[in-house]
Amino acid sequence: MTLNLSKKKARKWLKVKAKLSSNGLDISDEPTNNLVLANAGLGNEVCVKVITELCEPYGCIDTIRSYMDKSYALLSYQKTDEAMACFNKLQSVEISKTSDNELATLYLYFLQTLPPSEGAIKKKNDFPQGLITLENFLSTEEEEELIMQIEKDLAKRSDMHIQETLKHRTVLHYGYKFQYGSNDVNSSNPLSKKFPSFANNILDKIMKTGHIPNRPDQLTINIYNPGDGIPHHIDNPDAFDTGIASISLGSQIVMEMKSPVGPKANIMLKPRTLLIFTGDARYKWTHGITQKKSDLVCDERSDQEFLVKRERRISMTFRKILKSTSNHVENLGCTIPDSQKSAVDLEKRFVQTVYNEIADHFSSTREKPWPKVVKFLENLNPGSVVLDVGCGSGRYLNCCPGICMLGCDSSQSLVDICLNKNCFAFLCDGQNIPVRNSTFDACICIAVIHHYSTSDRRHSAILEILRVLRKGALALIYVWAFEQRFNDIDSNYLKKSHANCNITKRNENSCNAFAENQSLVVHENKTSFVQQDLLVPWKKKKNRHDVTSSHNISADSTYYRFYHVFKQNELQNLCQGISGCNVIDCYYDSGNWAVVLQKL
Ligand SMILES: O=C(O)CCC(=O)C(=O)O
Ligand SMILES: [Fe+2]
């Protein structure tokens, strides 16, 4: 078998071969009657009709298999000679894709045996119980009017909605902002205005169908350009009521639905269709739209399948938020603690347990030591014995060779990570460090004190650090700052916000809105703080690539960590109120307040 290809293409051919083999295809170096046609699958937007016409001249085709979620197609001739002729003639030819003027380069390989046909396009379409589709729910005039109004809102900035540019679509939120970080809405924070009249009118019409029990108060409009999509998900059952209604405008699109026990359904959403999710379709099946520029559509009369190009599509999803189980953690029985016992319970649930759960992921994001902390350590006398209180995954434990560092933390999983790095570390409660008085030449305590949920406990945590320090020794303490914008500069935490929101960073003075409310709210990541005591979501991604699908299903878990974010001077005042130490420095460092204390 010889390949007549340029050096560059031969290299590419080999690369693709390796990829196909790693995907489990049994590629053969000897000719067989089976071929893999790389880049010629439905997943690469190449029609079965195109490959049939290309391959027919070389012999009698037995089988063609193409898959919506794979970029290759498989083809069997009756004879090996026929496959060889095709292999030689079509190697590296350009074939046309369905999308405008796009070409794909075909690479061919022999295949030992065709894999079992499971997963190839199945005509049979399972249909989820509880899914209601009402075609032609809108007239074309109503559709045009809605598109016009939505495009107007997209072009203008208004306090009625929030606009976000996500990776694979643009969204507008009305009523309440849907928070992608926590997969939730903050029911205590509605947008200032209710729905615009175009949304209310259409909602009136939806309510008349009788399929939605409670009138929705949250609307998310998704704008998809060709190639955009939405990952598989179930709309958060804790945040939204049953009876979610979604109207399709503009282009047709295929929505995929998957049951947890296997069956899948491809729902062809024609423009002007109203889709209502109830029952299993609402609570058991996931729905999503694959990022593609075309969809495979079956013509029911001829039973023929063909690819249809996508155009710009807009959907309006109306949901009723569940106030009783919203992310106001009051509803999880969680308020700002009023006793030592409730504080300990809260920290156990929203600090220790969470760090145990997220330890590995946390550790992978906390490798780089902060320069000013390193500088503090480097300025200590060589040979100093230093305790890192709340050492986490130990990023400071071996960053400074001239000193001897020990770490302690209240999370066993984090301590284990330190031990695996051959660092000294032990498990303990920061309120009760099992070390004699006056032991250490210095202490650091970085991003720890803000996890104590009462000012008494923050105070006693500092006393405990001072207790284990020898006279004259220094402690460096960092806490998260309420002020994430300081001296007109946004902290990195705010800068990391990708969302292009109209109301991006909330006014820091708005924290008073919560002053009398003792319940804890979930903070929206990458935004300014609105309250000093809050729960900050930590999203642990479990991204697994689903082999039967062309996109990642992200089974994310959200964990909540308690924080008390410190206002300017608060840490300093707390320390100055402690006799037996001097505050010798205090400063702001990238979204944190820091103090240097000296034990007297
Ligand atoms: O675009 C659609 O039809 C679906 C949107 C959706 O699933 C959602 O916003 O949760
Ligand atoms: Fe959804």
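**Exercise 1. A residue in a helix**

*Solution.* Before we start, a word on the model: it is predicted, local features need pLDDT of at least 70, side-chain atom pairs count only at pLDDT 80 or more, and totals for chains, interfaces and linings use all residues. Residues are numbered from 1 along each chain as its sequence is written, while chains are lettered from A and ligands numbered from 1 in the order in which they are written.

Step 1: helices (H or I, at least four residues) and strands (E, at least two) are DSSP runs, numbered from the N terminus.

Step 2: a residue is buried if 20 or more other C-beta atoms lie within 10 Å of its own, exposed if 12 or fewer, and partly exposed in between, with C-beta atoms placed from the backbone.

Step 3: two residues are in contact if their C-beta atoms, placed from the backbone, lie within 7 Å. Tyr174 is 25 residues from Ala199 along the chain, and their C-alpha atoms are separated by 9.2 Å.

**Exercise 2. Strand S13 and its partners**

Find how many residues of S13 are buried, and how many bridges join S13 to S22.

*Solution.* Step 1: seven of the seven residues of S13 are buried, so the strand is largely enclosed by the rest of the structure. One side holds Gln218, Thr220, Asn222 and Tyr224, the other Leu219, Ile221 and Ile223, and both faces are covered.

Step 1: two strands pair if DSSP finds at least two bridges between them. Strand S10 (residues 169–174) pairs with S13 in the antiparallel sense over five bridges, with His173 partnered by Thr220.

Step 2: S13 and S22 also run antiparallel, joined by seven bridges. Here Gln218 stands opposite Arg319.

**Exercise 3. The shell around ligand 1**

List the residues around ligand 1 and sort the shell by class.

*Solution.* Step 1: a residue is near a molecule or strand if its C-beta atom, placed from the backbone, lies within 6 Å of it. Around ligand 1 this gives Thr220, Asn222, Ile230, Asp235, Ser246, His287, Ser315 and Thr317.

Step 1: strand S13 (218–224) and strand S22 (313–319) each contribute at least two residues to this shell.

Step 2: Ala, Val, Leu, Ile, Met, Phe, Trp, Tyr, Cys and Pro count as nonpolar, Asp, Glu, Lys and Arg as charged, and the others, Gly among them, as polar. The shell then has one nonpolar, six polar and one charged residues.

**Exercise 4. An open sheet**

Give the strand order of the four-stranded open sheet and explain why one side of S14 and of S17 is left without a neighbour in the sheet.

*Solution.* Step 1: the order is S14-S19-S16-S17, with antiparallel pairing. Strand S14 (230–233) and strand S17 (264–269) stand at the edges with a single partner strand each, so one side of each has no neighbour in the sheet. On average, neighbouring strands of this sheet are turned by 20° against each other, direction ignored.

Step 1: strand S16 (residues 253–258) and S17 run antiparallel and share six bridges. Met255 has Ile267 as its bridge partner in S17, and Lys258 has Lys264.

Step 2: S16 and S17 form a hairpin with five residues between them, and Gly262 in the turn has a positive phi of about 125°.

**Exercise 5. Two helices in contact**

Describe how H7 and H9 cross and which residues make the contact.

*Solution.* Step 1: axes are lines fitted to C-alpha atoms, for helices over the stretch in contact, and angles run from 0 to 180 degrees between N-to-C directions. The axes of helix H7 (residues 340–364) and helix H9 (residues 412–420) come within 7 Å and cross at roughly 35°.

Step 1: H7 brings Tyr355, Asn356, Ala359 and Ser363 to the contact, and H9 brings Gln412, Ser413, Leu414 and Ile417. These residues divide into four nonpolar, four polar and no charged.

**Exercise 6. Confidence**

State the mean pLDDT of the chain and say where pLDDT stays under 50.

*Solution.* Step 1: pLDDT is the predictor's confidence in each residue, from 0 to 100. The chain's mean is 85, and 88% of its residues reach 70 or more.

Step 1: residues 324–331 have pLDDT below 50, and this stretch has 25 contacts in the model beyond near neighbours in sequence. Over residues 498–517 pLDDT also stays under 50, with 30 contacts beyond four places in sequence. Where pLDDT is low, the predicted coordinates should not be read in detail.
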